[in-house]
Amino acid sequence: MEIVDLSSDSPSPVDEDHRTNDTDIIALDDSQLDADLKLEQEHQPPESLSSSSSSYLASLDRAAMERERLLRISRANGGGRPKRRREDSDDEVEMGNGNDGDQDTVSHESDSLGRGSTTEMKRQREDTADQIPFPRGVVKRTAVTGYPRTGDEISIEEVLQPRHLRSAVLSAFQWDFDWILNKIFIGRTSLVLVVPAKGSEVRDSLRKSLGQVPNARLCMPNMDGMINCMHSKLQILFYDKYVRIAVPSANLTDYDWGEGMGVIENYVYIHDFPLRSSAGGGSRLPSFAADLIYFLEAQGMHQDIIDRLETEVSWEGTENVEFVHSIGGEHRGEKDIWRTGFTGLTRAIQKFGGKGSEVQIDYVISSLGSLTPVFVENIYNAASGKYYSIVTPPKSVRSVLKTAKERLRVYFPTHDTVAASRGGTDSAGTICFSANYYEKPVFPREILRDGRCTRRGCLMHEKVMLIRFDEPVRARDGVEVCGAAYVGSANMSESAW
């Protein structure tokens with residue numbers, strides 16, 4: 001799938017030649033590489049235990065083993081900093097000492113929504129000391145093993161930039177802790193890991209296991225009662241001169257970031273904001289920053305992170321983008337209802353000038369829920385900016401489906417598309433749909449389309465909604481807007497919104 005330029009009449013042409021492999025391994029220090037690799041092989045921790053439905057962490061004492069292994073390598077190097085091979089990165093691995101830490105607390109879905117034309121997509125590699133790579137925001141798709149780099153792709157190393165990374169907040173629904181911690185200099189980088197944990201047993205296991213990771217604290221969103229899923233994917237990355245807000249559709253696993261066999265692609269929205277030369281505060285935050293902080297507070301984020309975002313960041317260039325989120329649980333009161341979920345999407349579209357205007361919607365997803373005509377109408381109304389009332393039912397099933405069939409298209413792969421992909425049906429474990437849902441009489445089959453990736457043989461894990469107004473509208477700042485693009489982690493299901 002490609003991002004469609006909303007300012008043009010047709011999508012850009014797509015390069016379909018996927019015969020080359022752009023995955024390289026870069027040796028960062030030839031004099032030390034062989035010795036380091038030999039030491040790594042001699043001191044590898046035992047194989048990770050398989051995850052279960054009750055706890056995918058199972059024995060994260062692996063983190064302690066990793067720390068001990070790196071210390072052994074460091075000692076073997078005479079106390080120097082160990083270096084290792086990395087794919088698609090020119091960052092060397094540096095390890096130091098840090099303090100342990102943990103805390104638990106709340107959240108759920110995080111996304112970005114941009115108006116008008118899509119942002120220029122030029123390939124940018126590692127930042128220099130004085131450069132802010134993406135000051136206006138950019139959408140990239142993940143680099144995937146076996147497919148060529150065209151300039152629109154980005155790897156996890158290029159997102160994190162670990163050599164420059166000072167502190168990071170990382171959130172995901174699915175985690176491979178061994179994999180992601182090996183991408184970061186865990187000894188010198190301060191981490192907050194936002195992880196789902198339902199039940200005291202799982203939470204205690206997380207505290208015990210991840211509490212051994214140097215410089216790491218935990219944030220465990222509230223999952224009591226009816227909250228059964230924490231699906232948020234969000235990265236807040238602090239550097240010397242700027243902070244990066246990254247909203248991917250990818251979990252923190254190797255396959256979601258295109259590594260290994262290269263079977264799945266994802267999208268990520270990246271926006272870099274300069275740090276103030278001196279701490280500010282007191283001035284009103286733009287809505288993007290205010291909604292981001294509202295979401296983090298709902299997660300129970302550590303106060304020092306909130307304070308830094310409020311006082312140290314210059315939130316420039318957000319007039320064309322909004323932060324849309326979905327917080328689990330019950331929400332009461334007009335203010336809270338309009339801050340999250342698809343009513344939050346409504347609020348964002350209204351700021352862009354959409355107030356019930358007729359729209360065309362193309363929605364790419366990786367999971368389909370038990371759709372009903374009422375839910376379909378809610379999504380359509382939210383994407384058009386129409387005021388939503390929880391007490392107003394749709395006029396009729398027929399009227400809802402008529403609008404949906406004409407104006408809403410949902411892209412999800414057929415069984416044949418999955419079976420013909422590079423990894424086959426075995427690679428589609430995170431692409432979910434139940435036949436029971438499809439067979440319900442009220443299920444709106446008319447809106448479904450086969451979701452096929454422009455990278456032949458690759459599956460799509462994106463959640464992207466392209467919204468086009470029938471007629472241009474005026475945003476609150478007077479700018480003419482022709483449409484909006486939602487990039488995030490919300491699928492087409494009631495639980496996601």
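Modeller: Asp291, Glu322, Phe323, Val324, His325, Arg339, Gly344, Arg347, Ala348 and Lys351 line the second largest cavity. This is a predicted model, in which local features need pLDDT of at least 70 and side-chain atom pairs count only at pLDDT 80 or more, while totals for chains, interfaces and linings use all residues. Residues are numbered from 1 along each chain as its sequence is written, and side-chain values use heavy atoms, with hydrogens and water left out.

Biologist: What makes a residue part of a cavity's lining?

Modeller: A cavity is a set of points, on a 1 Å grid over the protein atoms alone, where a 1.4 Å probe fits but cannot get out, and a lining residue has an atom within 4 Å of a point. The lining here divides into 3 nonpolar, 2 polar and 5 charged residues, where Asp, Glu, Lys and Arg count as charged, Ala, Val, Leu, Ile, Met, Phe, Trp, Tyr, Cys and Pro as nonpolar, and the others, Gly among them, as polar.

Biologist: Why is Cys219 called buried, and why is Cys482 called partly exposed?

Modeller: Buried means under 20% relative accessible area, exposed over 50%, and partly exposed in between (1.4 Å probe, protein chains only). Cys219 has 0%, so Cys219 is buried, whereas Cys482 has 27% and therefore counts as partly exposed.

Biologist: How many disulfides are there?

Modeller: A disulfide is taken as a pair of cysteine sulfur atoms within 2.5 Å, and by this rule the count comes to 0.

Terms used: 1 Å grid on protein atoms, 1.4 Å probe; cavity = no way out; pocket = protein on both sides within 12 Å on 5 of 7 lines; lining within 4 Å.
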